[in-house]
Amino acid sequence: MAITKGRTSVANFTPTLKTGDPAPDFELARHDSEGTWRLHDQRGQNVVLAFYPFAFTGT
Amino acid sequence: MNAQVVGISVDSKHANRAWAEKLGGITYPLLSDFFPHGAVAEAYGVLRAQGMSERALFIIDADGIVRYIDVHELREAPDEEVLFEELAKLA
C-alpha cells in the first residue's frame, strides 16, 4: 500500500474526543529504554501524539 | 519544534524497536499500546474494529488540553507542515 502525504483529514474529532477536552492520561512502554512514557509528565510543553496503524507500514 | 513528539501503535515494544532500527534510528519514542491491546487508542477514539489504530494526530497543550485532532486516511501520511502551523498557533 503506497503511503502518500496529504492534508485530506477524515475528521477533526473522534467518538470520544474533541478539541478543548482534557487529554486522557496514559503510561506506555517506550521502544528506546526500559522505562515508560506518561502523558501527565509532559505538562508544561506541547505534545504531539501520532497514532499509526502498524510498524513496517510506512511513516 | 517546541513539542514532545511520540508515536503510538498497538505493536509490541519488540516490533517497535525492530522497526526503529530498520528506519535507521528515530529521535522520538515509539510507544506500545499493546497490553491491554489498544486501550489508549480506544480512549482517544481511534481504535478500529480490526484491532489497529487509525492514522491520527493529536496536539495537546502545556495544560493537557486537546488543541488539534486530525484523523487521516490510513493510506495517507499526515503532512508535518500542518503540525508546525498548528504548533505555531500555540506558541
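**Ground rules.** I am working with a predicted model, where local features need pLDDT of at least 70, side-chain atom pairs count only at pLDDT 80 or more, and totals for chains, interfaces and linings use all residues. Residues are numbered from 1 along each chain as its sequence is written, while chains are lettered from A and ligands numbered from 1 in the order in which they are written.

**Chain B.** I looked up the elements, taking helices (H or I, at least four residues) and strands (E, at least two) as DSSP runs numbered from the N terminus. Chain B has three helices and five strands, and along the sequence they come in the pattern β-α-β-α-β-β-β-α. I noted a box of roughly 35 × 30 × 25 Å along the principal axes for the C-alpha atoms of chain B.

Next I checked burial, where a residue is buried if 20 or more other C-beta atoms, placed from the backbone, lie within 10 Å of its own, exposed if 12 or fewer, and partly exposed in between. In chain B, 37% of the 91 residues count as buried.

**Strand E5(A).** This strand held my attention for a while. Five of the six residues of E5(A) are buried. I then looked for its partners, since two strands pair if DSSP finds at least two bridges between them.

- E5(A) runs antiparallel to strand E3 (residues 55–60) of chain B, joined by five bridges.
- In that pairing, Leu49(A) stands opposite Phe58(B), and Val48(A) has Ile59(B) as its bridge partner.
- E5(A) also pairs with strand E1 (residues 3–9) of chain B, in the parallel sense, over six bridges.
- There, Val47(A) has Gln4(B) as its bridge partner.

**Arg43(A).** Is Arg43(A) buried or exposed? Arg43(A) is exposed, because 12 other C-beta atoms lie within 10 Å. I placed Arg43(A) in the loop between strand E4 (36–38) and E5 of chain A. Leaving out residues up to four places away in sequence, Arg43(A) touches Ala62(B) and Gly64(B).

Note on methods. Two residues are in contact if their C-beta atoms, placed from the backbone, lie within 7 Å.
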